[in-house]
Amino acid sequence: MSASPPLTYGRYLMLDALLALQRPRSTPMVPDELLFITVHQVFELWLKLLLFELSHARDEMLAGESSAPRVRLERCHVVERMLLEQFDVLDSMDAVEFARFRGALATASGAQSAQFLEVEFLSGLKDPGYAERRHWLTASEDEALRRRLSEPCLWEAFLAVLRGAGFDVSTRHQRAAGYLTIARDREKHGALWGLLEAMVGHDQSWWMWRARHAQAVERQIGVKSGTGGSVGASHLRSRLSLRFYPELWEMRSQL
């Protein structure tokens with residue numbers, strides 16, 4: 001039997017396949033389209049890692065842990081900062097240059113990112129009506145989103161941790177009392193406070209990415225409709241009022 005070729009950096013990362021995935025469609029090619037494709041593919045890679053870490057944090061909380069999921073969530077904060085920084089690269093693209101190849105995108109739109117929706121569903125912002133408006137989903141994407149809708153989200157896992165620590169989470173009022181108890185007794189509830197703050201950090205980081213996305217879209221196309229007929233920046237800005245964990249933000253008014 002012939003020996004397998006030695007494992008190299010390129011083979012480990014499958015660079016031949018990875019670097020062949022950037023395929024501009026403009027004719028003649030507009031150089032900035034390569035930047036546009038690369039940034040969005042990098043977005044999806046970071047989202048894949050984010051989903052992995054958030055899923056593990058959720059599972060650890062469901063198992064009754066508080067320290068390990070906090071570490072996972074803090075890693076997610078770093079990943080989300082990396083997502084934000086990708087917009088700096090995208091902003092280096094001239095709006096006139098984008099207009100030169102925008103038509104080549106046809107019906108493709110960033111609003112069709114199934115992984116983006118997965119993060120929102122997993123974090124707690126579930127939208128059961130998504131399927132009626134998402135005819136562009138592949139079968140595997142639709143299956144993944146349906147699974148996220150049916151499985152516990154991070155918020156449900158966080159409440160399970162609080163319940164396991166002896167807090168009554170049956171009503172919003174009882175939960176609010178529990179948050180204040182945790183906040184005011186760090187010596188006794190330090191691990192829970194750290195986890196609570198990590199949840200807020202994830203919520204804040206995602207909000208910042210939403211806001212940065214809206215700004216980046218406006219920089220390129222102003223208030224025009226988005227690619228493929230999507231609503232564009234106005235829709236993105238309309239979602240800035242959303243929070244994954246509004247109760248954890250409201251609690252701050254009582255401190």
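Arg148 pairs up with Glu151 in a salt bridge, their closest N and O atoms sitting 2.7 Å apart. A salt bridge here is a side-chain nitrogen of Lys or Arg within 4 Å of a carboxyl oxygen of Asp or Glu. Keep in mind that this is a predicted model, where local features need pLDDT of at least 70, side-chain atom pairs count only at pLDDT 80 or more, and totals for chains, interfaces and linings use all residues. Residues are numbered from 1 along each chain as its sequence is written, and side-chain values use heavy atoms, with hydrogens and water left out.

Arg148 and Glu151 are both buried, where buried means under 20% relative accessible area, exposed over 50% and partly exposed in between (1.4 Å probe, protein chains only). Arg148 also meets Glu118 in a salt bridge, 2.7 Å from N to O. That pair links distant parts of the chain, with Arg148 in helix 7 (residues 139–150) and Glu118 in helix 6, 30 residues apart. Helices are DSSP runs (H or I, at least four residues), numbered from the N terminus. Glu118 is buried too, with a relative accessible area of 9%.

Arg58, Asp59, Glu118, Arg148 and Glu151 are linked in a network of salt bridges. Arg58 belongs to helix 3 (residues 32–62), and at 7% relative accessibility this arginine counts as buried. Beyond its neighbours within four places in sequence, Arg58 is in contact with several residues, including Arg148, Glu151, Leu154 and Ala157; contact means heavy atoms within 4.5 Å.

Leu154 and Ala157 lead us to helix 8 (residues 154–164), where the buried residues include both of them along with Trp155 and Phe158. The buried residues of helix 8 pack against helix 3, helix 6 (114–123), helix 9 (172–184), helix 10 and helix 12 (246–250).

What about helix 10 itself? Helix 10 (residues 186–221) packs with helix 4 (residues 67–91) at an angle of about 15°, their axes 9 Å apart. That makes the two roughly parallel, a label for angles under 35 degrees. By class, their contact has 14 nonpolar, eight polar and six charged residues.

Another salt bridge shows up between Asp91 and Arg212, at 2.6 Å from N to O. Asp91 is in helix 4 and Arg212 in helix 10, so the pair ties together parts that are 121 residues apart in sequence. Asp91 counts as buried at 15% relative accessibility, and Arg212 does at 14%. Overall, the count comes to 18 salt bridges.

Conventions:
Axes are lines fitted to C-alpha atoms, for helices over the stretch in contact, and angles run from 0 to 180 degrees between N-to-C directions. Angles under 35 degrees count as roughly parallel, over 145 as roughly antiparallel, 65 to 115 as roughly perpendicular and the rest as oblique. Ala, Val, Leu, Ile, Met, Phe, Trp, Tyr, Cys and Pro count as nonpolar, Asp, Glu, Lys and Arg as charged, and the others, Gly among them, as polar.
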